[in-house]
Amino acid sequence: MESLKESSFEFTDFDDGINAYISHLQNLDTLYRHYSVHAERSEHANTLKALTQSVEKHYLNGFLRPLNDHWQEHLEGYASTNFKMQRDFFTEYLQPLLEKDQRVFVVISDALRYECGMELKTRIEGLNRYQASISALIGVLPSYTQ
């Protein structure tokens, strides 16, 4: 798994940025989320306070800000040739399955929670009874999530 120091935030275009997040950058979000959950639940949260502040500082300044800065360059007039649009979700993904009378369960999450979807997909596939897939879709920008 790629470390923060090994991360590259240089993207050639919009799709390259999405592919970088899907392939490896989302792992850093997963590690940060796991650390935060375990640190918060720890009996020794006070003992971990300095470490937690350091982890948060590195996550914010060493990952989120550089990712945002490099990603921002490609958002002006963004266009994707490799990813489907969110508005086509039903037609592209659900309608063909429903026409075959297949049961479908859909989980929708916003951009930086893609990594949660990856973890859920892995857990579902580990049950050996279900199939799971995950896809990145392009939404409308700007967007707002409460």
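Select Arg123 to begin: at 58% relative accessibility, this residue counts as exposed (exposed means over 50% relative accessible area, buried under 20%, and partly exposed in between, with a 1.4 Å probe and protein chains only). The model is a predicted one, in which local features need pLDDT of at least 70, side-chain atom pairs count only at pLDDT 80 or more, and totals for chains, interfaces and linings use all residues. Residues are numbered from 1 along each chain as its sequence is written, and side-chain values use heavy atoms, with hydrogens and water left out.

Helices here are DSSP runs (H or I, at least four residues), numbered from the N terminus. Whereas Arg123 is exposed, Glu119 is buried, with a relative accessible area of 18%.

Next, select Lys121 and Glu125. These two also form a salt bridge, with the closest N and O atoms 2.9 Å apart. They are separated by about one helical turn, because they stand four residues apart in helix 4. Glu125 counts as partly exposed, at 34% relative accessibility. Salt bridges that share partners join Arg33, Glu115, Glu119 and Arg123 into one network.

**From helix 4 to helix 1**

Which residue forms a salt bridge with Glu115? Select Arg33: the closest N and O atoms of this pair are 2.8 Å apart. The bridge links distant parts of the chain, with Arg33 in helix 1 and Glu115 in helix 4, 82 residues apart. Glu115 is buried at 0% relative accessibility, and Arg33 is partly exposed at 22%. By the rule given above, the count of salt bridges comes to five.

**The nonpolar core**

Now select Ile18, Leu25, Phe63 and Leu67. Of the 15 residues in the largest nonpolar core, these touch the most other members (a nonpolar core is a set of buried Ala, Val, Leu, Ile, Met, Phe, Trp, Tyr and Cys residues joined through side-chain atoms within 4.5 Å). Helix 1 (14-41) and helix 2 (49-72) each supply at least two residues of this core. The largest share, six residues, comes from helix 1. In soluble globular proteins, nonpolar side chains tend to be buried together.

**Aromatic pairs**

Show the aromatic rings next. Rings of Phe, Tyr and Trp (its six-membered ring) pair if their centres lie within 6.5 Å; planes under 30 degrees apart count as stacked, over 60 as edge-to-face and the rest as tilted. The count comes to seven aromatic pairs. One of them is Phe11 with Trp71: the ring centres are 6.0 Å apart and the planes stand at 80 degrees, so the pair is edge-to-face. Phe11 lies in the segment before helix 1 and Trp71 in helix 2, so this pair ties together parts that are 60 residues apart in sequence. Is Phe11 buried or exposed? Phe11 is buried, with a relative accessible area of 9%.

Move to Tyr59 and Phe63, whose pair is tilted: 5.6 Å centre to centre, with 35 degrees between the planes. The two are separated by about one helical turn, being four residues apart in helix 2. Tyr59 is buried at 13% relative accessible area, and Phe63 is buried at 1%. Ring pairs link Phe9, Tyr32, Tyr59 and Phe63 into a cluster.

**The loop between helix 3 and helix 4**

Select Asp101, which has its place in the loop between helix 3 and helix 4. Asp101 has a positive phi of about 60 degrees although it is not a glycine. Most residues other than glycine have a negative phi. Asp101 is exposed, with a relative accessible area of 71%.

Ile108 is found in this loop as well, and counts as exposed at 65% relative accessibility.

**After helix 4**

Finally, select Asn128, in the segment after helix 4. Asn128 has a positive phi of about 60 degrees without being a glycine, and counts as exposed at 72% relative accessibility.

**Confidence**

Colour the model by pLDDT (the predictor's confidence in each residue, from 0 to 100). The mean pLDDT of the protein is 85, and 88% of its residues reach 70 or more.

Conventions. Salt bridge = Lys/Arg side-chain N within 4 Å of Asp/Glu carboxyl O.
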